[in-house]
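Here is a short briefing to read beside the model.

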Amino acid sequence: MPAFSLRSEEMNGVIAFIRAGFDPEGEAVKIGDPVRGKALFEGEGQCADCHRVRGVGPRTAPDLSNIGAIRTPASLQRNLLDPATALLPINRPVRLVTRFEETIVGRRLNEDTYTVQVIDSGERLRSLKKTDLVSYEISDEPSKQPTTMTSDEVADVIGYLLTLRGLE
Ligand code: HEC
């Protein structure tokens, strides 16, 4: 690739645009120190209480081992600052009642026309036939509140999340 001859302000603008996920309406996202971010993730930020990374942690919230490869910095930031608007359809909490009178609360992993796979609140993987369900509710409520971390701490956590790109 040939080198670009951009001035440094122009280069900063291009980088901000990339970090905002190529969204012209998007906000530039501050990306901090991944080492501090990891410490916050595992400590004070309490992220590791719900999220699994590289085989460690519970399965009730999405596994974040590859999150840096599949989400933009802007989407990661939105998840922390405003989880309600960041809630993705597949991540919406579900509540199922079966015709055997069992109630299952959990998170979907997958769904097709006839079946739905969930991780229930006891971290068990369940595959259910839709014909066995008497009710199937999908919530719009995120499972967590907006973070109370400072903006520098959020930047550090985003810096860490961006290093999570599968099992290298
Ligand atoms: C109380 C449990 C809980 C805590 C604490 C928590 N999360 Fe989450 N998080 C979830 C759940 C559950 C979801 C799935 C969406 C939902 O239900 O709100 C989620 C979604 C996410 C997503 C979006 C995943 C995707 O597929 O895009 C990211 C990123 C994330 N959390 C990062 C964090 C970070 C970083 C922290 C710590 C600052 C944190 N979470 C703290 C439960 C939690």
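Buried means under 20% relative accessible area, exposed means over 50%, and partly exposed lies in between (1.4 Å probe, protein chains only). By that rule Asp120 is buried, with a relative accessible area of 3%. This is a predicted model: local features need pLDDT of at least 70, side-chain atom pairs count only at pLDDT 80 or more, and totals for chains, interfaces and linings use all residues. Residues are numbered from 1 along each chain as its sequence is written, and side-chain values use heavy atoms, with hydrogens and water left out.

**Iron site**

- His51 (NE2) and Lys144 (NZ) are the protein donors of the iron atom of the ligand, at 1.7 to 2.0 Å from it.
- His51 sits in the loop between helix H2 (34-42) and helix H3 (67-70). Lys144 sits in the loop between strand S5 (133-138) and helix H6 (151-161). The pair links distant parts of the chain, 93 residues apart.
- Donors are N, O and S atoms within 2.8 Å of the metal (3.2 Å for Na, K and Ca); water is not among the atoms, so sites may look incomplete.
- The arrangement is octahedral, because the 6 donor atoms around the iron atom of the ligand subtend angles of 79 to 180°. Six donors count as octahedral if opposite donors are over 155 degrees apart and all others between 65 and 115.
- Ideal angles for six octahedral donors are 90 or 180 degrees.
- His51 is buried at 11% relative accessible area, whereas Lys144 is partly exposed at 33%.

**Cysteines and Ala74**

- The whole structure has 0 disulfides (pairs of cysteine sulfur atoms within 2.5 Å).
- Cys47 is buried, at 13% relative accessibility. Cys50 is partly exposed, with a relative accessible area of 40%.
- Ala74 belongs to helix H4 (residues 73-81) and is buried at 12% relative accessibility.
- Ala74 and Phe17 are 57 residues apart in sequence, yet 10 Å apart in space, C-alpha to C-alpha.

**Salt bridges**

- A salt bridge is a side-chain nitrogen of Lys or Arg within 4 Å of a carboxyl oxygen of Asp or Glu. The whole structure holds 14 salt bridges.
- Glu111 and Lys130 form one of them, at 2.6 Å from N to O. Glu111 lies in strand S2 (residues 103-111) and Lys130 in the loop between strand S4 (125-129) and S5, so this pair ties together parts that are 19 residues apart in sequence.
- Both partners are partly exposed: Glu111 has a relative accessible area of 29% and Lys130 has 26%.
- Arg124 bridges to Asp120, with the closest N and O atoms 3.0 Å apart. Shared partners join Glu102, Asp120, Arg124 and Arg126 into one network.
- Glu10 pairs with Arg7 at 3.4 Å, N to O. Glu10 is partly exposed, at 32% relative accessibility.

**The sheet**

- Helices (H or I, at least four residues) and strands (E, at least two) are DSSP runs, numbered from the N terminus. Two strands pair if DSSP finds at least two bridges between them.
- In what order do the 5 strands form the open sheet? The order is S4-S3-S2-S1-S5, with antiparallel pairing.
- S4 and S5 stand at the edges with a single partner strand each, so one side of each has no neighbour in the sheet.
- Strand S1 (residues 93-98) pairs with S5 over 5 bridges. Leu96 has Tyr136 as its bridge partner in S5.
- S1 and S2 are joined by 5 bridges, and Pro93 has Arg107 as its bridge partner in S2. These two strands form a hairpin with 4 residues between them, and Glu101 in the turn has a positive phi of about 65°.
- S2 and S3 are likewise joined by 5 bridges. Arg108 stands opposite Val118 in S3, and the hairpin here runs through 3 residues.
- Strand S3 (residues 115-120) has 5 bridges to S4. Thr115 has Lys129 as its bridge partner in S4. The S3 and S4 hairpin has 4 residues between its strands, with Glu123 in the turn at a positive phi of about 65°.
- Side chains alternate along S4.

Conventions. Four donors count as tetrahedral if all angles lie between 85 and 135 degrees; four count as square planar and six as octahedral if opposite donors are over 155 degrees apart and all others between 65 and 115; anything else is irregular.
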